[in-house]
Amino acid sequence: QVQLVESGGGLVQPGGSLRLSCAASGSIFSIHAVGWYRQAPGKQRELVALITSTGSTNYGDSVKGRFTVSRDNAKKKVYLQMNSLKPEDTAVYYCYKAQSSGYWGQGTQVTVSS
């Protein structure tokens with residue numbers, strides 16, 4: 001059974017940085033795309049960043065140039081480095097694995113506020 005566990009969320013001031021981590025277990029990791037989505041209150045879940053098995057990346061328009069997704073296949077982890085954070089980045093961030101119909105973590109809250 002696939003499990004995804006996020007960590008690293010919290011409260012940060014505008015302009016600050018955070019690094020999210022997601023640990024995967026339960027099945028082969030390296031051959032699947034993994035990444036991050038987010039959902040703010042009253043809004044739909046949206047793509048933040050994805051990274052394929054070959055390392056190709058895809059970012060949501062609102063985070064391009066500020067966020068970086070990476071993966072460590074040996075550790076079965078995916079990371080999201082978030083820089084120059086803005087209040088509009090406040091959301092619950094979900095780890096995602098593109099296997100079968102998709103797997104999701106439980107989410108981690110990121111709040112950007114002064």
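A charge sits over a ring if NZ of Lys or CZ of Arg is within 6 Å of the ring centre and within 35 degrees of the ring normal.

First, the ground rules. This is a predicted model, where local features need pLDDT of at least 70 and side-chain atom pairs count only at pLDDT 80 or more, while totals for chains, interfaces and linings use all residues. Residues are numbered from 1 along each chain as its sequence is written, and side-chain values use heavy atoms, with hydrogens and water left out.

Now the rings. Rings of Phe, Tyr and Trp (its six-membered ring) pair if their centres lie within 6.5 Å; planes under 30 degrees apart count as stacked, over 60 as edge-to-face, and the rest as tilted. Take Y37 and W104: centres 5.1 Å apart, planes at 70°, so edge-to-face. Y37 is in strand β4 (residues 34-39) and W104 in strand β10 (residues 103-104), so this pair ties together parts 67 residues apart in sequence. Strands here are DSSP runs (E, at least two residues), numbered from the N terminus.

Next, Y96 and W104. Their centres are 4.7 Å apart and their planes at 50°, so this pair is tilted.

Buried or exposed? Buried means under 20% relative accessible area, exposed over 50%, partly exposed in between (1.4 Å probe, protein chains only). Y37 is buried at 18%. Y96 is buried at 15%. W104 is partly exposed at 37%.

Back to the arginines. R45 lies over the face of W104, 4.5 Å from the ring centre. The charged end of R19 sits over the ring of Y79, at 4.1 Å from its centre.

Definitions and conventions: Helix = DSSP H or I, 4+ residues; strand = E, 2+ residues; numbered from the N terminus.
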